[in-house]
Amino acid sequence: MIRVCHVTSVHSAKDVRIFHKECISLTKEYEVYLVAPNVEDETVRGVHILGAPLPEGRLKKLFSLSRVYRKALAADASVYHFHDPELMFIGLKLRRKGKKVVFDSHEDVPRQIFTKEYLPSWLKKPISVVYAAIEKCCLKRYDALISVTPSIVDRLVTINQNTVMVTNYPHIAEMNTNQRVDGENTDYVCFAGGVSQQYMHEYILDALKYTKTRYLLAGQAYPSYLEKLKRHESWNLVDYLGVVSHEEVSDIYQKSKVGLVLLDYTPNAGGHRGSLGVLKMFEYMMAGIPVVATDFDLWKEIVEGNDCGRCVDPHNVKAIANAINYFIDNPEKAHEAGEKGRKAVLEKYNWNTQETILLGLYNRLTQQL
């Protein structure tokens with residue numbers, strides 16, 4: 001079998017996109033290796049994981065990337081698939097050795113730089129401009145590029161015409177086949193994910209004042225942001241569970257009447273166009289609960305086009321409250337919306353469709369070996 005190798009210096013070895021979706025899908029046709037930071041070498045579900053020891057801290061890590069290169073080189077693969085911006089130069093080194101190289105852009109990095117709170121405001125634009133120039137110089141020499149959403153794909157295709165979209169739709173295998181039952185009397189709305197400002201939690205707390213619901217909230221929180229939320233007058237309507245397991249997330253969805261995914265109109269999210277890289281919305285649909293989501297153009301096409309929720313301006317507190325109240329006050333409509341969401345995932349928005357695209361790209365690359 002042809003050997004392929006995914007490489008990351010940032011993500012977990014068991015990252016959902018890298019390991020559970022892309023690597024495992026590739027094992028159907030290839031021998032798959034994965035270089036990841038600070039893990040023991042092991043083979044899991046047919047993927048050979050190679051650990052690269054990296055220090056903590058951004059600068060120390062950058063000066064230690066030779067360790068990642070050596071591990072990748074030791075895999076002796078025919079195709080290398082990179083997932084982090086700092087690895088672009090390693091890809092070029094391997095290409096000079098006759099390897100096929102792919103870059104997977106999870107984020108719109110030039111725009112994402114403007115959201116980095118640790119960077120001084122005056123420094124963000126120069127860094128973004130310099131990064132964009134380096135990215136263009138490097139990625140035009142790659143054999144293929146991948147990204148998760150149309151806005152990034154549209155930008156990358158101007159750099160390299162062999163760019164495809166492989167987005168983050170969920171696995172059908174993870175869908176709960178049990179009939180959904182409301183086991184709680186409480187009318188919960190929920191969110192399980194990154195508890196950060198970009199998901200508009202303060203606005204959700206403002207909206208709770210106009211509803212009869214409680215907010216079932218889970219996920220890793222930035223300490224300063226969590227303290228800000230705890231000072232909000234509606235915090236007494238929140239049940240915050242902290243970081244929970246995958247099984248506990250499923251339980252949260254079972255208890256909830258509505259799933260909230262109110263992402264701000266940030267450049268990294270595609271502005272008003274939105275992004276398909278956010279898995280949260282599809283998780284709610286898969287769980288059979290109606291979605292209240294940001295009115296991004298892409299999300300309106302999915303949510304309103306499949307009649308599985310409502311899209312609102314995430315800055316409009318009354319609109320958020322009205323959308324929540326509609327589904328709480330109309331349980332039959334909520335049930336119908338949930339079932340339509342599940343049907344849409346089964347038919348369209350699932351990883352099987354993306355696996356076909358990924359395998360097709362790899363087949364074209366390996367035919368050139």
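Predicted model: local features only at pLDDT ≥ 70, side-chain atom pairs only at ≥ 80, totals over all residues.
Residues are numbered from 1 along each chain as its sequence is written, and side-chain values use heavy atoms, with hydrogens and water left out.

**Stop 1: the whole chain**

Show the protein chain as a cartoon and you will find 15 helices and 14 strands. Helices (H or I, at least four residues) and strands (E, at least two) are DSSP runs, numbered from the N terminus. Along the principal axes, the C-alpha atoms fill a box of roughly 65 × 50 × 40 Å. Of the 369 residues, 55% count as buried; buried means under 20% relative accessible area, exposed over 50%, and partly exposed in between (1.4 Å probe, protein chains only).

**Stop 2: helix α4**

Select residues 88-96, which make up helix α4. Which residues are buried here? They are Met88, Ile90, Gly91, Leu92 and Leu94. Just after α4, click on Gly98, which takes a positive phi of about 90°.

**Stop 3**

Next come the salt bridges. Side chains of opposite charge can pair when their charged atoms come close. Here a salt bridge is a side-chain nitrogen of Lys or Arg within 4 Å of a carboxyl oxygen of Asp or Glu, and a search of the whole structure finds 21 of them.

Select Arg155 and Asp108, whose side chains meet in a salt bridge (3.2 Å, N to O). This pair links distant parts of the chain, 47 residues apart: Arg155 sits in helix α7 (residues 150-156), and Asp108 in the loop between β6 (100-105) and α5 (109-112).

**Stop 4**

Arg273 is in the loop between β12 (256-261) and α11 (280-287), 119 residues from Asp154. Asp154 is partly exposed, with a relative accessible area of 40%, and Arg273 is partly exposed too, with 32%.

**Stop 5**

Move to helix α10 (residues 246-255), where Asp251 and Lys255 both lie, four residues apart, about one turn of the helix. An α-helix has 3.6 residues a turn, so residues three or four places apart point the same way. Asp251 and Lys255 form a salt bridge, with their closest N and O atoms 3.4 Å apart. Asp251 is partly exposed at 39% relative accessible area, and Lys255 is partly exposed at 28%.

**Stop 6: a surface spot**

Finally, switch to a surface view and select Leu59 in helix α2 (residues 58-62). Leu59 is exposed, with a relative accessible area of 61%.
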